[in-house]
Amino acid sequence: MSDTLAGDLDRIARDLDHEHVFHSWSAQAQSPQLVIASGRGCRVWDHSGREYLDFSSQLVNVNIGHQHPVVVEAIREQAELLTTIAPSTVNFARGQAAKRIVDRAPEGFRKVFFTNGGADANENAIRMARLHTGRDKILSTYRSYHGNTGSAIVSTGDWRRIPNEFARGHAHFFGPYLYRSEFWATTPEQESERALQHLRRVIEAEGPSTIAAVLLESIPGTAGIMLPPPGYLSGVRELCDRHGILLILDEVMCGFGRSGRWFAFDGYDVRPDLITFAKGVNSGYVPAGGVIISDPVAETFDDRVFPGGLTYSGHPLAMASIVATLDTMESEGIVANARAIGETEIGPALAELAEKHAVIGEVRGEGVFWALELVADRATREPLPAAEMGRLKGAMVDRGLLPFVQDNRIHVVPPCVVTPEEVAEAIAIYDDVLSTVSSAE
């Protein structure tokens, strides 16, 4: 393709987008300009061939990297065999995908309900919890994101729920976040103890017999990649057990390798009742998500109709991509790579950046799931202003890096296949861009 034609395609793509595409979470006059035409591994290109190193994994979902040939081939083969079928039928690819998923779940999980993505996974997990318990309320944290469907968006704690609060039966509480503690804690242990005391009081005040489930991200992602402090998740489990409340763990963003484990909760001594997933299960190659259901909850619906379903539940193309993704992540050691690269490359490199740049208030994370919290002043921890965060994001893109920027944070979230060389390349760009910020100690 000639440079002129490639440039024309980029321009035409922007024009078509501006004229006809309605974008999520956006004022529509602010048209995006970045064109992505192709990708491979941790890199993407526009039509003109300009290359970007993708340290956003798009929306923290392309865990296996862009265009993995095994997954692409599996989708092609399934498309030639059967492109779609109703979820009420039996399909081999669907059964295979469910078996691959439950094989990685804790003992006592044998069933998977497939959805189109993470939002409707949480939606249906909430529905299951209410029907199983006969209770109504769902408790979730203020610092959370659970999706954009009716109950999922109201379970979400951030500002996006406020114009969308049409679902009933939701209450929020503060989870642990030591850097900006709501509980005047100074150690992780204090933060855990006091956050659990806060949740205990919320449960008591809301009425334990009215609460169907507590819904938590195992590691809150969009809200800041906040690793749970020691004993917190097991303490939530204990509170739930004491009152007959189900525990739903949202692994949509943190699951399937992102934390350096198949499930993030595997590192935190906790067993949920329902597990929601999407994103990394097949890296978003075809839309897919679901709920992994513990046996007691699944048995509720042995002789009782579950009043929920989706036309594309267990879509064959999505199922084939899940099987290929999970098998390839296993055979190529991709989850182990995510764990190792976090320990030996990303974590140490980000710590060095924090030593060098006063604008970095805190570094936190594991695997390929990290956050740099940026502050205008380290002493007061005042967040870096939105305008400055926007400038930094533009500067990174200009230097060929696709960042994930949320509030006053840069989330360092490359695909699980990232190499040490690619980490070093990204770190050099972060270093260069952060050097342009003036911040007080």
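The side chain of His23 forms a polar contact with the side chain of Asp17, at 2.8 Å. The model is a predicted one. His23 belongs to the loop that runs between helix 1 (3-20) and strand 1 (38-40). When neighbours within four places in sequence are set aside, His23 contacts Asp17, Gln28 and Pro32. Its relative accessibility is 26%, so His23 is classed as partly exposed. In relation to the rest of the chain, the C-alpha atom of His23 is separated by 27 Å from that of Ile322, a residue 299 positions away along the chain.

The loop between helix 1 and strand 1 also contains Trp25. The phi angle of Trp25 is near 50°, a positive value in a residue other than glycine. Trp25 has a relative accessibility of 41% and therefore counts as partly exposed. A positive phi is also found at Ser283, again a residue other than glycine, with a value near 60°. Ser283 is located in the loop between strand 9 (274-277) and strand 10 (289-294). With a relative accessibility of 2%, Ser283 counts as buried, whereas Trp25 is partly exposed.

Leu5 is part of helix 1. The relative accessible area of Leu5 is 43%, so this residue is partly exposed. Leu5 and His411 are 406 residues apart in sequence, and their C-alpha atoms are 35 Å apart in space. His411 is in turn one of the residues touched by Gln406; the other is Thr222, with residues up to four places away in sequence not counted. Gln406 itself is in strand 15 (residues 404-406). At a relative accessible area of 17%, Gln406 falls under the 20% limit and is therefore buried.

Two helix pairs were examined. In the pair formed by helix 4 (residues 92-102) and helix 10 (residues 316-331), the axes come within 8 Å and cross at roughly 40°. Because of this angle, helix 4 is oblique to helix 10. The crossing of helix 4 past helix 10 is left-handed. On the side of helix 4, the contact is made by Ala93, Arg94, Gln96, Ala97, Arg100 and Ile101. Helix 10 contributes Pro316, Met319, Ala320, Ile322, Val323, Leu326 and Asp327. By class, the residues in this contact of helix 4 with helix 10 comprise 9 nonpolar, 1 polar and 3 charged. Ile322, listed here for helix 10, is the residue whose C-alpha atom is separated by 27 Å from that of His23.

Arg104 is situated in the loop between helix 4 and strand 4 (109-115). The side chain of Arg104 makes a polar contact with the side chain of Glu330, at 3.0 Å. The relative accessibility of Arg104 is 15%, so this residue counts as buried.

In the second pair, the axes of helix 11 (residues 334-356) and helix 13 (residues 420-434) come within 11 Å and cross at roughly 15°. Helix 11 is therefore roughly parallel to helix 13. The limit for this class is an angle under 35 degrees. The crossing of helix 11 past helix 13 is right-handed. From helix 11, the residues that meet helix 13 are Ile341, Glu345, Ile346, Ala349, Leu350, Leu353 and Lys356. Their counterparts in helix 13 are Pro420, Val423, Ile427, Tyr430 and Asp431. The contact of helix 11 with helix 13 consists of 9 nonpolar and 3 charged residues, with no polar ones.

Ala336 is also a residue of helix 11. At 36% relative accessibility, Ala336 is classed as partly exposed. The C-alpha atoms of Ala336 and Ile75 are separated by 25 Å, and the two residues are 261 residues apart along the chain.

Note on methods: Residues numbered from 1 in each chain as written. Predicted model: local features only at pLDDT ≥ 70, side-chain atom pairs only at ≥ 80, totals over all residues. Heavy atoms only, no water. Axes fitted to C-alpha atoms, helices over the stretch in contact; angles between N-to-C directions. Helix = DSSP H or I, 4+ residues; strand = E, 2+ residues; numbered from the N terminus. Parallel < 35°, antiparallel > 145°, perpendicular 65-115°, else oblique. Left-handed = near helix turned anticlockwise from the far one by under 90°. Contact = heavy atoms within 4.5 Å. Nonpolar A, V, L, I, M, F, W, Y, C, P; charged D, E, K, R; others polar. Buried < 20%, exposed > 50% of the residue type's maximum accessible area, 1.4 Å probe, protein only. Polar contact = N/O pair within 3.5 Å; in protein donor to acceptor, adjacent residues only side chain to side chain.
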